[in-house]
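Colleague: I am new to this structure and would like a close look at a single part of it. Could you take me through the nonpolar interior and its surroundings with some care?

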Amino acid sequence: MSEEIKYEDSELYKIRHSAAHVMAQAVLGVFPEAKYTIGPPVKDGFYYDFELPRTLTPQDLKQIQKRMRKTLSRQYDFEKQVLSADEAREIFKNQPYKLELIAGLEAGGVDEYGEKLEGEVEISTYTHDNFVDLCRGPHVENTSQINAKAVKLMSIAGAYWRGDENNQQLQRIYGTAWNTKEELDAHLWQIEEAKKRDHRKLGKELDIFAFDEEVGPGLPLWLPNGAVIVEELEQLAKQMEREAGYKQVRTPHLTKEDLFIRSGHLPYYAESMYPPMEMEGGKYYIKPMNCPMHHKIFAARPHSYRDLPIRLAEYGTCYRYEKSGELFGLMRVRSMQMNDAHIYCSEAQFEEEFMAVIDLYMKYFKIFNIEKYVMRFSTHAKEGLGKKYVDNERLWLKTEDMVRQAMQNGGVRYVEVEDEAAFYGPKIDVQVWSAIGREFTLATNQVDFSVPAKFDLKFTNANNEDEIPLCIHRAPLSTHERMIGFLIEHYAGIFPVWIAPVQAVLIPITDDHLDYAYEVKKKLELLGMRVEVAADSGRMSAKIRKAQKKKVPYMLVVGDKEVEAGAVALRMRDGEDRGAISVDEFITLATKTIAERT
RNA sequence: GCCGACGUAGCUCAAUUGGCAGAGCAGUCGCCUUGUAAGCGACAGGUUAUGGGUUCAAUUCCCAUCGUCGGCUCCA
């Protein structure tokens, strides 16, 4: 990776940045009264945000693109000019957003996102043709370096000024730009391919989950096939957690408000919680997370340092009132089951416990063959102490160091991001991307050196004194919803045999072979396999096609020869025909594959 | 929640400028008895998301609600 040119320094970056200017010029051509804001390059393209007199239509996009092509057919230089704040103000006197940016640059070197700039700040403009934009570059030298056939405007969207929902909402136009038309076509093709593995599409095709308007948005229904996957994941988690010394607990879905007052979730988290129910004068909430319940379990009995660490695990069912626009298939829902656990330990035990959790992550990633992810280490920021972060710098630095040390000792690659921690401690998030490119936190591993105190959690240490334990919140398998959404896309629906909802389909060639098919099915089911018989009146090849579309791992064709020999003709879903093998041989092969989760 | 687009059979999609709502697949029932990705036929399937409005007439035009999608914000 390090040998590659950074995107920010690449030619493509300049092309996209420059294309954004050309687009802004075109928009101003159509709407002379438009206020333009910022327009940076992004992954695969660029955007530009505008305040416009009316909302844009797809027709407008065509017109804007046409104007862009006209500009790109000529040869205009991009000319940089460094100027004073006053000079800049004169040029952009009718552009309030630009004036705000100039003020930011002048005052303390704040960039277009409100982030601090390093070093000396100069104010500069880039001009091509008749269009001037406040910009620090870089750009291509001349518009002719942008291939008009490799630029395409993609969509119109709403966006808030400086990303703050309290600010003015602007209209954003997304575009994509490449070196050549071939690259553009390849990109568009890739988008189409990605849609095919979108979990919302595959989830429907493979009968994994469904939403129902009368049930409500963000409340998925697991169809039988989906429930199989849920069950397999739970069994995996329970097995791994048993081996790692966790104890299973179970807690209610409802709780009095007192619990969330103590935990500190109310009122700060209230807007993500379902409104309370009033019962006998008291308020009850549906839980948005399990931690307070687990803390109460820890507090339910006295503990000696000899008992620690105590690891409490639960696939807890939680409900969060996510804003309607934030819902996204299974990836972002309102009802969810978390692969949750809380580990209570002493400071001395912390590193080992944290490492063990990371180790568990790695085991899971190996099982699922997950390679494309980023571990994000989120730390506190000094300025936030006592505000968004618990005011205990010693423990922040100590636990952050412990986490850093554990990650480095384990040889785990991560990126460190300041000022992204939970309020109670640093954390490691595992970031992944959905098929259509949206980023998600799949798993999370958080240190908590604060909330245990709020719950008066304690254990008796070796000196016979009360001591507050540290707590590790961890969810390596995320929630069932997000994990399965992710797995559907990760495998493109071609699940490994152990989680495949249907593992084998018996395909009788004629009805004469039905009895034998059922006989084999029963034999396989006794071993715990999920098997179906294709008993419809179609041709064998039609039955294969059906099984193939459902991505069933094993297709077992049975005809006269197989009945005679006590065999099945094994066809794999990649099309490989393994010919006739004995039923016992198939059982050996299948049960081994399933048991090894390969 | 905000901005925009969209909503026709279980699924994927048709339906000239407002003029009788259709097809393929899936399903059911027959026939065929079949060797590695679609055998043939018949039947059934709809208050065009929901509720109002305009009109002689609305899937089509207008309004509201619900839902989905693309983004923003936010997140397991």
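Modeller: Contact here means heavy atoms within 4.5 Å. With that in mind, and remembering that this is a predicted model, we can begin with L233, which, leaving aside its neighbours within four places in sequence, is in contact with Y315, F368, L477, H480, M483, I484, L487 and W498. L233 belongs to the largest nonpolar core, a group of 63 residues, and is named there together with F350, F354, F368 and F495 as the members that touch the most others. Helix α10, which covers residues 347-368, gives this core its largest share, namely 9 residues. Apart from this core lies another one, made up of 48 residues and including I15, A19, A20 and F46.

L219 counts as buried because its relative accessibility is 19%, and buried means under 20%. Once neighbours within four places in sequence are set aside, the contacts of L219 are F211, Y274, R334 and S335. From L219 to R197 there are 22 residues in sequence, and the distance in space, C-alpha to C-alpha, is 22 Å.

How values were computed. Residues are numbered from 1 along each chain as its sequence is written. Chains are lettered from A and ligands numbered from 1 in the order in which they are written. This is a predicted model: local features need pLDDT of at least 70, side-chain atom pairs count only at pLDDT 80 or more; totals for chains, interfaces and linings use all residues. Side-chain values use heavy atoms; hydrogens and water are left out. A nonpolar core is a set of buried Ala, Val, Leu, Ile, Met, Phe, Trp, Tyr and Cys residues joined through side-chain atoms within 4.5 Å. Buried means under 20% relative accessible area, exposed over 50%, partly exposed in between (1.4 Å probe, protein chains only). Helices (H or I, at least four residues) and strands (E, at least two) are DSSP runs, numbered from the N terminus.
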